Amino acid sequence: MTTTTRPGSTLTALADPLTVPPTAEPMPGWHQSLGKGAAGIALLHAERAHAGLGDWVTVHAWLTTVISAGLSSGPDAGLFFGAPAAAYAIHTAAAGEPGRYGRALATLDDAVTAMTVDRLDQAHARIDRGGLPATTEFDLITGLTGIGALLLRRDPRGRLLREILAYLVRLTAPLPYRGEMLPGWWTDLSPRNRVTPDFPLGHGNLGMAHGITGPLALLSLAARSGAVVDGQAAAIRRICTFLTGWRQQHDEAPWWPQWLTVDTDGRLRPGQQTPGRPSWCYGTPGIARALQLAGVALHDAELLDTAEEAMAACLTAPGQLGMMVDNSLCHGWAGLLQVAARFAAVARTPCVAEHLAELVDRLLSGSGPAGRPTGLLEGDAGVVLALHTAAHDAPVSHWDACMLLA
């Protein structure tokens with residue numbers, strides 16, 4: 001069934017944590033999920049309160065829900081789940097008010113620090129023995145890049161962020177694997193982090209959410225903010241060279257595969273032969289934004305041109321746009337709008353900005369997700385936040401830092 005997202009009705013439906021999610025069984029740990037649950041919905045209310053459009057009572061009710069049960073700091077924890085997700089939501093709510101939620105944040109800081117130190121130790125030990133990582137070691141959703149995104153907001157001058165940046169620099173160095181030199185972020189698992197016959201030699205993930213584009217965005221944003229470690233600029237350049245080298249040409253617009261594989265002759269090849277949808281998680285918009293951030297960090301005009309050309313082209317490519325099937329922030333119209341808005345703010349030409357109004361119209365008239373999820377990445381909270389950004393320029397709370405867009 002086709003539904004139309006209207007911000008007013010959605011805000012009413014998401015006002016009371018005791019009545020959400022209204023149409024589906026809550027996922028395990030729903031309270032501590034930034035992507036699908038209460039922590040992500042709290043971002044919506046925090047942004048509105050910071051902008052003077054919502055009330056802090058509602059924000060507090062949602063944050064109370066976030067910490068209402070145990071918070072994971074185990075293997076499943078990352079920026080989008082567990083203690084880091086709770087810390088991100090609460091920090092976003094407390095932005096500009098250092099004393100707000102101070103006790104809760106201090107407790108969460110301790111949990112995040114302990115798990116991050118342990119994961120860094122494991123990652124460096126893995127590199128030392130020449131093993132390949134799972135994407136969950138380094139990615140945005142579950143891995144160290146996501147923790148780095150939290151720390152860039154929470155403690156941008158801190159030692160722990162610099163240690164994550166140093167690890168990411170090391171991650172970009174090539175590693176030998178079965179007689180070949182592969183990128184240090186190559187995994188011997190499938191995109192679902194399993195051993196499968198479809199990916200006998202693993203894959204190299206290019207996405208923002210699960211691949212090397214996330215580390216590129218973090219390294220670039222950190223450099224822009226003054227958080228710099230040895231080798232950081234070279235690592236940014238190394239990833240950019242890799243990504244631009246794997247840009248695919250098409251009559252409509254350039255595009256990138258979601259991942260690379262290795263053929264029987266030991267050569268890398270794209271995992272897909274045709275363009276995919278222009279989404280944040282995988283696809284041109286997320287990669288183009290990361291390349292733009294890298295161009296800013298490196299003061300590289302050619303890289304900025306490459307990013308701008310790709311981003312503008314995907315907004316006028318009927319074949320790619322026709323693959324968009326929902327409104328979600330992760331892989332739908334809301335995500336495309338949010339990336340485009342952030343991209344346009346620093347673009348050197350109006351070629352992206354001139355499409356923003358059309359993207360808003362598409363989002364308002366598009367299909368709601370099946371079952372009407374309520375969360376940030378695939379549900380109504382993310383849709384309303386993208387519309388809010390379009391109406392009010394840059395988010396006051398910088399909620400989309402969890403997407404590494406700014």
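I began at Gly 226, the residue that follows helix α9, and noted that its phi is positive, near 100°. The model is predicted, and I read every entry here with that in mind.

I then turned to α9 itself. The helix runs over residues 213–225 and has 13 residues. From first C-alpha to last I recorded a reach of 18 Å, close to the 18 Å expected at 1.5 Å a residue.

Next I looked up burial along α9. I found 10 of its 13 residues buried, so the helix is largely enclosed by the rest of the structure. The buried residues run from Thr 213 and Gly 214 through to Leu 221 and Ala 222, and include Pro 215 and Ser 220. For their cover I listed, among other elements, α6 (135–138), α7 (144–154), α8 (159–171), α10 (232–245) and α11 (284–298).

The largest nonpolar core has 131 residues, and Leu 34, Trp 280 and Met 311 have the most contacts inside it. Helix α4 (residues 83–94) gives this core its largest share, 9 residues.

Leaving aside neighbours within four places in sequence, I noted contacts of Met 311 with Thr 284, Pro 285, Ala 288, Leu 336, Val 339, Ala 340, Phe 343 and Val 352.

My last entry concerns Thr 306, which lies in helix α12 (residues 301–314). I recorded a relative accessible area of 14% for Thr 306, so this residue counts as buried, the cut-off being under 20%. Not counting residues up to four places away in sequence, Thr 306 touches Thr 244 and Arg 247.

Conventions:
Residues are numbered from 1 along each chain as its sequence is written. This is a predicted model: local features need pLDDT of at least 70, side-chain atom pairs count only at pLDDT 80 or more; totals for chains, interfaces and linings use all residues. Side-chain values use heavy atoms; hydrogens and water are left out. Helices (H or I, at least four residues) and strands (E, at least two) are DSSP runs, numbered from the N terminus. Buried means under 20% relative accessible area, exposed over 50%, partly exposed in between (1.4 Å probe, protein chains only). Contact means heavy atoms within 4.5 Å. A nonpolar core is a set of buried Ala, Val, Leu, Ile, Met, Phe, Trp, Tyr and Cys residues joined through side-chain atoms within 4.5 Å. The expected span of a helix is 1.5 Å times one less than its number of residues.
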